[in-house]
Amino acid sequence: MKTLSQGTIERSAESLIKPRPTVRTETAAPFASSLETEDAGASPVRTSAAAPIVTDHLSVWYGRQQAVFDISLSFPSTGITTVIGPSGCGKSTLLRTLNRIADEYEDVRYEGSVKINGIEILGRKGNLEILRSKLGLLLQRPYPLPMSIFDNVAYGLRLQGIRARSELADRVEHYLRICHLWHEVEYKLRGPTSALSVGQQQRLCLARGLAVEPEMILADEATSALDPISTKIIEELMMEQKERIGVIWVTHTLRQARRIADRAVFLYMGKLVEWGEAPDFFDSPREVLTAEYLAGAFS
Amino acid sequence: MSTALPATQHNPAGAAPLSVSTSINCEKAQRSSVFGNLLRIAGASAAVLLALVQALLLTTLILKAAGSIIELGPIRLFFSLEWRPSRGEFGLASFAFGSLAVCVVALLLAVPIGILAATALTEYMPEGPRRILRSLIDLLSGIPSVVYGLWGVVTVVPVIRNLAPAGSGVTGYCVLAAGLVLAVMVLPIIIQLSCQALDAVPIGLREASLSLGAQKGHTVASVTLRRAMPGLGSAVLLAFARAAGETMTVAMVAGSVAQIPRGLLDPVYPLPALIANTYGELLSVPSYEGAVMTAALLLIVFEALFIVISSLILKRWEARLCVQ
Amino acid sequence: MRTISYIALALVLILLISLLWSILIRGLPLLDWEMLTKIPSGGFYLGGEGGIANAIIGSLYLAGGATVLGFFLAFLAVLWMHGGTNRDSRARRSFRLLATCMSGVPTVIYGAFAFLVMQAAGVRACLGAGILAVGFFVTPIIVRALDEAFLAVPNGLMESVLGLGSNKTRGLLTVAARQSVGGIVTALILGFTRALGNSATVLFAAGFTDSIPDSLSRPAASLPLAVYFQLSSPIEGVRERAFAAAAVLTVLILILSLTARFLERRLGRYMIR
């Protein structure tokens with residue numbers, strides 16, 4: 001089922017904002033033929049250098065409630081992969097499983113496998129700190145640390161053992177510049193973060209996360225609490241960074257997904273429905289459910 | 001200065017294996033997690049220690065009390081009114097009754113006044129004075145029991161003595177005095193907790209009632225207070241627990257006469273006062289200690305029972321009241 | 001409804017203010033240099049000269065020692081609660097319940113228990129025993145206050161810190177503690193004021209004396225007991241000491257509570273809301 005008319009309207013509105021950069025790492029093969037190479041039953045998993053995060057039949061339970069059902073996916077190391085779906089469909093759980101933040105909840109149980117750089121992470125009891133520092137986390141509400149702006153960005157650096165003041169200062173400035181925040185805060189670096197607007201705080205959180213040089217960024221509805229201008233700035237930042245760092249971007253805003261996605265994954269009620277390359281995913285989805293969701297039949 | 005940075009740990013073509021600097025971090029992470037584990041073990045030990053102390057406290061009291069229950073027989077120990085340690089007669093009935101009487105008086109006085117005062121603070125008072133008064137009451141809740149006892153001796157007892165008919169033998173040290181002083185002591189607690197309970201009532205409920213045309217007073221009485229009942233109930237509970245356990249205050253103003261009071265103006269000897277006052281004499285008479293420990297146990301049991309039963313009732317109440 | 005509420009409020013205020021007034025009006029004028037720095041002479045019950053230095057110093061030792069012990073234990077336990085157990089885990093909830101029950105145990109019970117233990121160990125009433133007994137009394141109170149402080153830290157903050165690659169303990173100590181520093185200081189001061197006001201436990205554990213204890217094995221006077229024992233003396237000078245002690249106690253606690261509030265606001269400069 002094609003959703004051409006809706007798609008066309010959406011896209012012409014989109015083009016008023018900013019044209020999406022057409023960077024592709026694979027050829028633009030027609031959607032259907034790329035699917036033929038995938039076996040319907042087996043998991044489309046390749047533990048290659050291009051896909052550092054790979055899940056294989058992953059299921060997650062909170063106590064007796066199952067939040068994620070048998071998901072097999074691979075997330076490439078560059079580009080933006082958006083994870084979309086109605087609320088409660090397990091997007092956040094999936095994200096939190098990838099860096100094991102879900103462990104904080106009582107009675108959390110995992111089945112299946114999640115491999116990062118080829119290393120299985122689900123069985124590990126040992127320190128997860130290295131793993132987590134490789135996956136930057138950006139949450140829905142900005143959570144600046146209760147310290148000065150400078151110390152926020154420097155926190156991760158200090159964790160990695162960088163103590164020299166001049167080096168810290170250089171790096172902090174570098175990452176603040178990347179996030180287009182330097183000129184707004186350079187005179188209040190030692191001040192509290194409450195002096196910043198919500199959008200600026202989220203950018204600060206991004207700078208803080210980038211400072212530990214993650215390999216991927218996990219973003220959970222990172223712009224839903226922000227005004228449109230801040231949202232746009234963060235989206236642009238993601239686009240700037242995605243050549244270096246892969247992004248897994250969870251969102252419930254379809255328009256945003258269309259804007260920034262290189263790939264998309266659709267989850268429904270904890271199950272993987274469909275995944276594919278944008279814009280083909282949005283223009284001609286394979287599953288009926290996906291098409292209905294994209295058309296706005298439910299949200 | 002800002003753009004020239006050392007090479008990043010990964011390259012865009014794909015994920016590289018963990019590089020050298022990360023392995024250094026690995027070591028650092030190991031070291032700090034050793035510290036973390038140590039701290040966690042220390043913390044768990046602290047928690048276990050506290051639990052053990054509590055368990056030890058209970059068992060010791062139970063054992064000592066059991067000794068005297070067996071020796072004196074439960075009926076005589078719990079229900080006899082005679083307390084003559086030198087003769088080996090230990091009856092806790094009058095003390096238990098004294099405790100109960102004083103608590104009841106205290107709660108009868110403190111609960112209505114406290115809840116109404118909390119209502120004034122949360123529903124009627126404007127923001128500025130409200131904050132000042134609530135801070136004031138919070139401050140006053142830290143005043144220790146001796147100071148209340150002193151106030152009782154200096155102010156309350158003489159007033160009662162003067163108001164009583166001359167020649168009636170009323171000293172002023174009585175149930176009323178103790179109840180009154182205890183009431184004032186638990187008032188700040190009741191007000192604090194009631195304010196919290198009232199604050200927790202969703203604004204939407206009040207708005208709904210008012211928009212139906214109800215007057216403010218009616219809204220407060222029928223809707224807000226009713227919705228806050230479980231919270232208010234637990235405020236009362238905590239106040240009761242505090243009042244029942246208070247030692248100094250009642251020791252100073254209750255009169256320390258082991259009898260069942262015939263009226264509010266009679267002296268009485270609540271359980272905590274008994275335990276405190278017999279300090280120093282406990283070693284001289286055999287079985288004295290056991291009997292006093294039984295008193296202590298009785299105190300705990302009463303409190304625990306009351307709290308448990310009331311919590312159950314409160315839970316049922318809450319289930320019936322709250323629609324959501 | 002409005003009228004009776006206001007009447008009740010007025011009544012409460014009148015009662016509480018009258019209480020403060022009656023204590024302070026009689027006690028504050030008595031606080032001269034001699035009262036504050038000298039110990040009672042001729043026995044605390046019958047000797048009319050001297051002051052309440054024994055009670056002041058004794059109280060500070062007792063409450064200070066108890067609070068240090070209590071805070072140490074409580075902080076470790078709360079670190080375990082929030083770092084070593086998962087959210088909503090049974091261990092965490094049970095311990096929380098235990099702390100709530102323990103903080104409801106009347107002080108006199110702790111005193112009675114201390115008495116039994118001391119008797120069995122052959123130890124007489126002394127400062128050390130007082131510090132231990134009051135310490136165990138005050139620990140659950142501090143545990144609950146610290147627990148509340150840490151609970152107020154938003155989950156997302158800890159998640160963000162973990163996401164940066166910090167381990168749980170470091171995250172708690174550097175971030176959660178900094179976010180709730182106001183609550184931590186309040187818990188500390190709260191513990192101290194409760195320890196200061198404790199009378200029934202110190203009665204059994206620390207005893208009472210005229211002198212200032214010079215070691216942990218000597219008995220210690222305390223302000224609440226100074227009031228209790230000296231109030232009923234036939235000597236006017238002794239009775240005055242009771243009032244002086246009450247005044248010092250009250251003023252001390254009020255000042256500490258105000259300081260706690262003030263600090264909570266000042267320390268919250270970097271706190272996120």
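**Entry 1: helix α8 of chain A**

I began with the residues of α8(A) and found that G199(A), Q200(A), Q201(A), Q202(A), R203(A), L204(A), C205(A), L206(A), A207(A), R208(A), G209(A) and L210(A) are buried. I took buried to mean under 20% relative accessible area, exposed over 50%, and partly exposed in between, with a 1.4 Å probe and protein chains only. The model is predicted: local features need pLDDT of at least 70, side-chain atom pairs count only at pLDDT 80 or more, and totals for chains, interfaces and linings use all residues.

I next checked its length. The expected span of a helix is 1.5 Å times one less than its number of residues. For the 13 residues of α8 (residues 198-210) of chain A this gives 18 Å, and the end C-alpha atoms are 18 Å apart, which agrees. Helices (H or I, at least four residues) and strands (E, at least two) are DSSP runs, numbered from the N terminus.

**Entry 2: chain A and T81(A)**

I counted 12 helices and 10 strands in chain A. Of its 299 residues, 57% are buried. I took contact to mean heavy atoms within 4.5 Å. Among contacts in chain A between residues at least 6 apart in sequence, 69% join residues at least 24 apart.

I then looked up T81(A), which lies in strand β3 (residues 80-84) of chain A. T81(A) counts as buried because its relative accessibility is 1%. Leaving aside residues up to four places away in sequence, T81(A) touches F75(A), P76(A), V247(A), I248(A), W249(A), R263(A) and V265(A).

**Entry 3: chain C and N198(C)**

Chain C has 12 helices and 0 strands. I recorded the span of its C-alpha trace along the principal axes as about 70 × 60 × 35 Å. Buried residues are 60% of the 273 in chain C. Among contacts in chain C between residues at least 6 apart in sequence, 75% join residues at least 24 apart.

I located N198(C) in the loop between α9 (181-197) and α10 (200-205) of chain C. N198(C) counts as buried because its relative accessibility is 3%. With residues up to four places away in sequence not counted, N198(C) touches T107(C), V134(C), F137(C) and P224(C).

**Entry 4: chain B against chain C**

I found 75 residues of chain B in contact with 67 residues of chain C. The area buried between the two chains is about 6,300 Å², and carbon and sulfur atoms give 82% of it. Buried area is the accessible area (1.4 Å probe) that two parts lose on being put together, summed over both.

I counted 1 salt bridge between chain B and chain C, that is, a side-chain nitrogen of Lys or Arg within 4 Å of a carboxyl oxygen of Asp or Glu. D138(B) forms a salt bridge with R261(C), with the closest N and O atoms 3.7 Å apart. On the side of chain B that touches chain C, helix α1 (residues 20-72) of chain B supplies the largest share, 22 residues. I sorted the residues of that side of chain B into 54 nonpolar, 15 polar and 6 charged. Ala, Val, Leu, Ile, Met, Phe, Trp, Tyr, Cys and Pro count as nonpolar, Asp, Glu, Lys and Arg as charged, and the others, Gly among them, as polar.

Terms used:
Residues are numbered from 1 along each chain as its sequence is written. Chains are lettered from A and ligands numbered from 1 in the order in which they are written. Side-chain values use heavy atoms; hydrogens and water are left out.
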